[in-house]
Amino acid sequence: MLVIVKEDYDAMSKEAAKIVADRIRRKPNLVLGLATGSTPLGLYKELIRMHREEGLDFSKVVTFNLDEYVGLPPEHDQSYHYFMWENFFKHININPANVHIPQGMFGDLKISPYETDPKVEAYCQWYEEQIKKFGGIDLQILGIGANGHIAFNEPGSSLGSRTRIKTLTEKTRQDNSRFFKSIDEVPKYAITMGIGTIMEAKEVILLANGENKADAVKAAVEGPITAMCPASMLQMHRKAIIILDKKAASKLSAEFIYYG
Ligand code: F6R
């Protein structure tokens with residue numbers, strides 16, 4: 001793991017953008033895994049600036065998003081489809097045919113702890129196959145939940161899991177209720193890439209900022225590898241870069257941290 005600590009959110013975002021831009025310049029048809037949420041907004045803003053001012057070309061880039069809420073149509077303003085188009089895709093020259101975001105609408109679902117609705121299962125398998133068809137993800141961007149989740153792999157998720165439907169924890173629903181009118185409106189399920197899917201990305205960048213992420217970051221970087229902190233699995237990744245602001249890094253004690 002390479003852990004880079006930057007002064008603040010802005011510097012963290014720019015550092016990440018520099019790496020993403022470098023990878024796109026080296027491989028114009030980069031397969032880029034993307035996250036939603038507050039954390040990567042600064043990264044997207046900087047990539048948009050690079051596109052406008054420096055000609056960073058996304059025309060051949062292929063993207064795969066980590067997750068989507070179940071039950072929100074793409075035009076819903078809290079869906080991750082909407083988020084990605086509003087905050088990133090509509091501002092760059094991406095080919096819409098190269099954009100992949102998990103589907104969230106399946107009609108009525110039979111959800112039980114023992115079996116997955118066949119529609120959902122078939123779809124999740126299809127999503128995994130699309131990733132393979134493009135040769136796998138070259139670079140995956142990740143945020144981290146205050147509970148240590150990556151994508152919507154909540155604590156307790158299998159470390160080998162693949163794309164599937166997951167029940168969101170109360171903590172995650174509460175954290176994300178800030179974007180909804182009330183917690184009752186926050187979906188209960190999401191389609192998410194699995195930890196196994198994420199681990200197959202050739203390179204991973206995890207971003208975290210703010211004090212409320214400091215415990216999760218410490219557990220991910222310095223704690224034992226455990227399904228109770230899904231992000232800790234990144235310790236097993238061959239090429240994981242963790243970029244933090246000072247607040248998110250404030251509980252780290254390891255000496256290998258690079259203060260850039
Ligand atoms: C979003 C995702 C989530 C977020 C995490 C942090 O696609 O996969 O794991 O990265 O919940 O969210 P923010 O950045 O809003 O704190």
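Predicted model: local features only at pLDDT ≥ 70, side-chain atom pairs only at ≥ 80, totals over all residues.
Me: Which residues make the contact of H1 with H2?

Reply: From H1, they include Tyr9, Ala17 and Arg25, while H2 brings Leu41, Met50 and Glu54, among others. Sorted by class, that contact has nine nonpolar, two polar and five charged residues.

Me: What makes H2 oblique to H3?

Reply: H2 and H3 pack at an angle of about 40°, with axes 10 Å apart. The cut-off for roughly parallel is under 35 degrees, and roughly perpendicular starts at 65. An angle of about 40° falls between those limits, so H2 is oblique to H3.

Me: Which residues touch there, and how many are charged?

Reply: Leu41, Tyr44 and Ile48 of H2 meet Phe83, Met84 and Asn87 of H3. By class, you get five nonpolar residues, one polar and no charged ones. Asn87 is on the H3 side of this contact, and Asn counts as polar.

Me: Now the pockets. How do you know which element gives the largest share of the lining of the largest pocket?

Reply: By counting residues: H3 supplies five of them, the largest share. Strand E4 (67–69), H3 (80–87) and H5 (170–176) each supply at least two. In total, 36 residues line this pocket, and Thr36, Gly37, Ser38, Asn176 and Arg178 lie nearest its centre. Its volume is about 680 Å³.

Me: What classes do the residues of that lining divide into?

Reply: The lining of the largest pocket has 14 nonpolar, 15 polar and seven charged residues. Gly counts as polar, so Gly37, one of those nearest the centre, goes in that class.

Me: What about the second largest pocket: how much space lies in it, and which strand gives the most to its lining?

Reply: The space is about 200 Å³. Strand E7 (residues 164–167) gives the most, with three residues. The second largest pocket has 13 lining residues, with Ile111, Ser112, Pro113, Glu115 and Ile165 nearest its centre. Its lining divides into six nonpolar, three polar and four charged.

Key: Residues numbered from 1 in each chain as written. Heavy atoms only, no water. 1 Å grid on protein atoms, 1.4 Å probe; cavity = no way out; pocket = protein on both sides within 12 Å on 5 of 7 lines; lining within 4 Å. Points joined across faces, edges and corners; volume = space filled by probe spheres on them. Helix = DSSP H or I, 4+ residues; strand = E, 2+ residues; numbered from the N terminus. Contact = heavy atoms within 4.5 Å. Axes fitted to C-alpha atoms, helices over the stretch in contact; angles between N-to-C directions. Parallel < 35°, antiparallel > 145°, perpendicular 65-115°, else oblique.
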